[in-house]
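Please open the structure in a viewer and keep the sequence panel beside it.

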Amino acid sequence: MRIVLLGAPGVGKGTQAQRLAQRAGVVRISTGDLLREAVRQQTPLGMEAKRYMDQGALVPDSVMIGLVREQLAARRGVSGYVLDGFPRTIAQADALNQLLEEAREPLEAVINLEVKEEELIRRLSGRRTCPKCQRVYHVDSAPSAKGLQCEACGTGLVQRDDDRPDTVKNRLSVYRDQTRPLLDYYLERGLLRGVEGVGPVETVTERIVQQLGRS
Ligand code: AMP
């Protein structure tokens with residue numbers, strides 16, 4: 001399985017990528033998680049990326065392409081992956097094509113998760129995450145059974161800096177301008193599959209699996 005999950009911030013890419021990867025026995029490569037880890041460890045990459053992330057802007061293509069090239073090279077020979085959060089620009093998609101062509105490992109499909117903007121804002125503003133194991137909750141619709149702590153590891157939950165209202169607006173407009181054009185890009189290449197991202201998490205996973213023809 002080699003697939004890309006596309007969609008606006010808050011659409012559920014991370015959750016679905018995790019579930020799909022687990023189910024198919026492949027890895028999930030989340031560029032957002034990789035960057036957040038680099039920020040936590042205060043590496044040079046993390047320090048550069050943080051400036052952009054805090055504003056809801058995209059980290060420059062050259063940085064992202066280098067990061068993904070390393071990730072894919074480190075995983076050559078594994079049975080596949082779910083790319084979550086990459087590509088986000090046409091330049092990134094072109095670079096990904098080139099990397100995959102060189103490796104003779106074409107993408108199987110690009111799944112676009114679709115959710116209305118009002119619902120995205122609701123999801124992002126109520127989202128809480130575990131800074132340790134990255135598990136995601138929602139204050140209303142998916143609260144932790146342990147209240148303000150992560151169910152899995154007991155760590156205190158936090159609101160991501162970029163889930164604050166002003167940054168959320170900016171991320172959605174960056175998505176519209178820079179990432180949404182990828183829908184036509186992958187449609188033209190015959191890879192795009194649209195999936196409604198509303199409803200129980202399990203139902204959305206089933207829809208994706210069906211679109212992939214893997215049920
Ligand atoms: P995410 O967790 O995927 O929403 O990513 C969080 C933030 O990391 C984004 O708002 C961007 O600032 C940055 N980021 C993640 N992936 C990319 C990418 N492919 N290109 C540029 N910036 C990215």
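This is a predicted model, in which local features need pLDDT of at least 70 and side-chain atom pairs count only at pLDDT 80 or more, while totals for chains, interfaces and linings use all residues. Residues are numbered from 1 along each chain as its sequence is written, and side-chain values use heavy atoms, with hydrogens and water left out. Helices (H or I, at least four residues) and strands (E, at least two) are DSSP runs numbered from the N terminus.

**First selection: α4 and α5**

Select helix α4, residues 61-74, together with α5, residues 90-102. The two pack at an angle of about 25 degrees, and their axes are 10 Å apart. Axes are lines fitted to C-alpha atoms, for helices over the stretch in contact, and angles run from 0 to 180 degrees between N-to-C directions. α4 and α5 are therefore roughly parallel to each other; angles under 35 degrees count as roughly parallel, over 145 as roughly antiparallel, 65 to 115 as roughly perpendicular and the rest as oblique. Display the side chains next: Asp 61, Met 64, Ile 65, Arg 69 and Leu 72 of α4 meet Ala 91, Gln 92, Ala 95, Leu 96, Leu 99 and Leu 100 of α5, where contact means heavy atoms within 4.5 Å. Eight of the residues in this contact of α4 with α5 are nonpolar, one is polar and two are charged. In this classification Ala, Val, Leu, Ile, Met, Phe, Trp, Tyr, Cys and Pro count as nonpolar, Asp, Glu, Lys and Arg as charged, and the others, Gly among them, as polar.

From α5, Ile 90, Ala 93, Asp 94, Leu 96 and Asn 97 meet Pro 181, Leu 182, Tyr 185 and Tyr 186 of α8. That contact of α5 with α8 comprises seven nonpolar residues, one polar and one charged.

Move to helix α6 (residues 117-126) and helix α7 (residues 165-179), which pack at about 140 degrees with their axes 11 Å apart. α6 and α7 are therefore oblique to each other. Glu 117, Leu 120, Ile 121 and Leu 124 in α6 meet Val 168, Arg 171, Leu 172 and Arg 176 in α7. By class, the contact of α6 with α7 has five nonpolar, no polar and three charged residues.

Which residues are closest to the centre of the second largest pocket? Select Ala 8, Val 115, Leu 120, Tyr 175 and Arg 180, which hold that place among the 15 lining residues. The second largest pocket contains about 180 Å³ of space. Strand β4 (109-114), α6 and α7 each supply at least two residues of its lining.

Now select Arg 2, Leu 72, Arg 75, Arg 76, Gly 77, Val 78, Gly 80, Tyr 81, Leu 99, Leu 100, Ala 103 and Glu 105, which line the largest cavity. This cavity holds about 80 Å³ of space, and its lining has six nonpolar, two polar and four charged residues. On a 1 Å grid over the protein atoms alone, a cavity is a set of points where a 1.4 Å probe fits but cannot get out, and a pocket is an open set with protein on both sides within 12 Å along at least five of seven lines; lining residues have an atom within 4 Å of a point. Grid points are joined across faces, edges and corners, and a volume is the space filled by probe spheres set on the points.

Centre on Pro 87, in the loop between β3 (81-84) and α5. The peptide bond from Phe 86 to Pro 87 is cis, with omega near 0 degrees. Continue to Arg 104, in the loop between α5 and β4; Arg 104 is not a glycine, yet has a positive phi of about 50 degrees. Finish at Gln 159, in the loop between β6 (136-138) and α7.
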